[in-house]
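Subject: The two-chain model

Hi,

Here is the structure I promised to send over. Please have a look at it first, and then read on for what turned up.

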Amino acid sequence: MTEPVLSVRDLCVEFVTRRGVLRALDRVSFDIGKGEVLGVVGESGAGKSVTGSAVIGLIEPPGRIASGEVLLKGERIDNLSPERLRHIRGKRIGMVFQDPLTSLNPLYRVGEQLVQTIRTHLPLNAAQARERAIELLAEVGIPAPERRIDGYPHEFSGGMRQRVVLALALCAEPELVIADEPTTALDVSVQAQIITLLKRICRERGTAVMLITHDMGVIAETADRVAVMYAGRVAEIGPVRDVVSRPFHPYAAGLMGSIPTLETASERLVQIPGSMPRLNAIPVGCAFNPRCPHTYARCVVERPELLGRGERASGSHDGAGAGHAVACHLYDEPGVDAEALVQRDKVAAAATGSAA
Amino acid sequence: MSDAAFVQIRDLRRVFDVSKPWLERTLAREGHQLLKAVDGVTVSIRRGETFALVGESGSGKSTVARMVVGLLPPSAGEVVIDGVSMTAAKDAAARKKLRRRIQMIFQDPYASLDPRWRVGRIIAEPIRAFGLAKEQGVEARVGELLRLVGLDPADAAKFPHEFSGGQRQRIAIARALAAEADFIVCDEPTSALDVSVQAQILNLMKDLQERLGLTYLFISHNLAVVRHMAATIGVMYLGRVVEVAPARQLFSHPRHPYTRMLLDAVPDLAMSGRPRTPVQGEIPNPISPPSGCTFNPRCALANDRCRREVPPLKDGTACHAVHEGRADSQDMPEIAAG
């Protein structure tokens with residue numbers, strides 16, 4: 001495999017509070033290759049947005065990166081000065097956030113914002129930058145860009161604004177785009193347009209994408225690989241098709257089963273009892289153990305490592321490589337067919353689950 | 001289940017005045033600007049059934065919900081629940097009795113519970129207000145309700161901020177049940193929740209419906225959730241119902257071009273690789289909606305008639321192309337489902 005565009009190694013992020021140190025990210029590792037879309041999925045509090053912020057160095061105090069490395073094309077960026085990081089943000093890493101209205105300055109015309117960003121990062125004069133801005137707007141599907149470029153953000157609809165934000169993120173030809181819930185504020189029909197656009201543009205340009213979302217449907221449509229996060233840790237990572245259709249981790253299996261879909265109109269949805277632990281009360285051992293139907297002695301004392309399915313026997317510890325990796329002790333137990341067990345309770349939980 | 005409609009919504013309309021202030025309007029020589037949020041909605045819901053209204057933002061679905069429970073007076077039309085009109089003056093006495101039986105669950109469980117009240121007091125409020133239990137029995141009833149929604153009776157002493165979003169939504173459900181309601185209007189009850197918590201709440205709502213024979217009007221933008229919950233579904237677009245059908249039929253044989261487009265736009269978790277028709281455009285500004293069928297600028301089947309005449313809701317669909325038999329062409333592939 002060629003060198004990944006983004007490589008995150010054992011990243012830990014902590015927030016120091018009066019009541020002690022809260023660990024928001026706990027040894028998170030993953031890679032994103034050129035032109036690849038990595039989906040980062042999880043429920044509120046899983047740490048997916050913190051991961052995005054940590055990569056671009058936007059963790060605000062009292063938060064800090066406690067350990068680990070973030071490498072952009074093999075070069076460490078987590079220990080750069082704020083000044084140097086600012087040059088990387090926007091130039092080499094583009095960003096798209098959930099609410100397009102907060103990413104755009106309401107007082108400036110869309111064109112001015114684009115031109116300013118382009119000229120900050122690329123050696124172009126005003127006329128060239130404007131020309132490039134128009135090209136970009138056309139590329140993200142804004143009709144009549146030569147006229148719309150002089151509009152203000154409030155004159156654009158939600159979907160069109162998100163297109164402008166995407167153009168802003170792409171204007172300096174970044175190697176990596178971090179998209180944090182880019183479609184959450186949009187209606188389904190517009191969401192589909194933005195997903196298709198994001199996917200097409202990144203494929204054409206070979207841009208790596210880290211797509212953070214809580215919506216598994218968006219991930220399934222867009223991502224090549226997916227990392228499922230739980231309580232600040234990566235529970236499972238693998239090709240999106242495998243994770244969606246045959247999740248290994250009991251949490252991932254429960255999560256997939258709890259999503260209502262158009263295809264399966266079963267009577268009951270799979271239900272994971274309880275909810276995500278708070279950061280000040282993450283269980284010892286596997287963070288999922290209080291909610292897991294298969295918990296046994298080892299789960300409450302020892303934290304499972306993220307290991308590829310093939311790497312289990314050899315015990316090597318680079319679970320973030322390609323392939324399908326899972327952090328669950330069941331897969332280490334001799335004589336236990338963990339996969340069959342997890343697949344089965346995807347169905348059983350729906351049948352026996354009781355709400356009240 | 002009786003076939004008679006439990007809830008009847010007849011030609012319901014709501015117009016909002018969104019004009020600029022008088023002085024500004026006069027200086028700019030503009031007239032009044034009116035927004036037709038709901039434009040002639042007719043729907044009937046059977047007892048014990050879940051009826052869902054789906055639509056994108058601005059389709060008027062929440063406005064319908066608010067008018068049905070009486071939080072917003074309709075501009076025209078009427079809502080009849082169990083034979084009692086919610087609008088006609090002559091039914092005032094009967095309506096007072098009916099009020100108790102209609103409750104609402106809101107989208108944001110952080111905003112719909114008073115942060116200064118203990119949970120016990122929140123749930124007891126309807127019991128006391130409607131005199132449904134003697135004072136010494138209230139606490140026991142609250143405990144019973146908390147258990148019913150999967151919480152602990154001891155939780156009554158806590159404040160809302162001590163609960164997670166899903167638990168708060170359970171409290172909101174308990175409050176609705178405290179009034180011994182049989183018709184519950186749910187406005188996006190799970191949109192603010194995570195999927196695994198959403199599953200818990202949806203399962204709970206289904207269980208309660210079965211046990212207590214509740215009737216739900218379920219408002220949502222999420223088609224997959226609606227498919228899971230509802231028996232009958234109405235699809236709204238710009239204030240009008242464009243298609244009404246039993247859930248199964250709507251998903252296996254969507255007829256209105258807008259319904260087909262919506263179904264097509266839902267991200268496909270199963271990755272069956274079904275072909276997707278690219279969606280065209282966005283919802284137009286409701287202040288100046290297109291003439292005729294409001295969907296015509298986005299519709300591949302639109303012709304002159306669609307741009308001129310508003311299609312009536314006939315046989316469950318409001319579409320000229322469907323009525324004229326033009327919609328069965330291949331440019332609208334049906335979605336395999338079920």
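**Where the chains meet**

In this predicted model, 37 residues of chain A are in contact with 38 residues of chain B (contact means that the C-beta atoms, placed from the backbone, lie within 7 Å). On the chain A side, α8 (188-205), α9 (216-222), α10 (240-245) and α11 (250-257) each supply at least two residues; helices (H or I, at least four residues) and strands (E, at least two) are DSSP runs, numbered from the N terminus. The biggest giver there is α8(A), with 6 residues. By type, the chain A side divides into 17 nonpolar, 14 polar and 6 charged residues (Ala, Val, Leu, Ile, Met, Phe, Trp, Tyr, Cys and Pro count as nonpolar, Asp, Glu, Lys and Arg as charged, and the others, Gly among them, as polar).

A word on conventions: residues are numbered from 1 along each chain as its sequence is written, while chains are lettered from A and ligands numbered from 1 in the order in which they are written. As the model is predicted, local features need pLDDT of at least 70 and side-chain atom pairs count only at pLDDT 80 or more, whereas totals for chains, interfaces and linings use all residues.

**Chain B**

Chain B has 12 helices and 10 strands.

Four of its strands form an open antiparallel sheet in the order β2-β1-β4-β5 (strands pair if DSSP finds at least two bridges between them). At the edges are β2 (34-46) and β5 (84-85) of chain B, each pairing on one side only. Helix α2 (residues 61-69) of chain B packs on this sheet and touches β1, β2 and β4 (76-81), its direction making about 115° with that of β1(B) (axes are lines fitted to C-alpha atoms, for helices over the stretch in contact, and angles run from 0 to 180 degrees between N-to-C directions). Strand β1 (residues 5-17) of chain B is joined to β2(B) by 10 bridges, and R13(B) has D39(B) as its bridge partner in β2(B).

There is also a helix pair: α4 (residues 119-129) and α5 (residues 135-148) of chain B pack at about 115°, with their axes 10 Å apart. The residues in that contact divide into 6 nonpolar, 1 polar and 2 charged.

Best wishes

Conventions:
Two residues are in contact if their C-beta atoms, placed from the backbone, lie within 7 Å.
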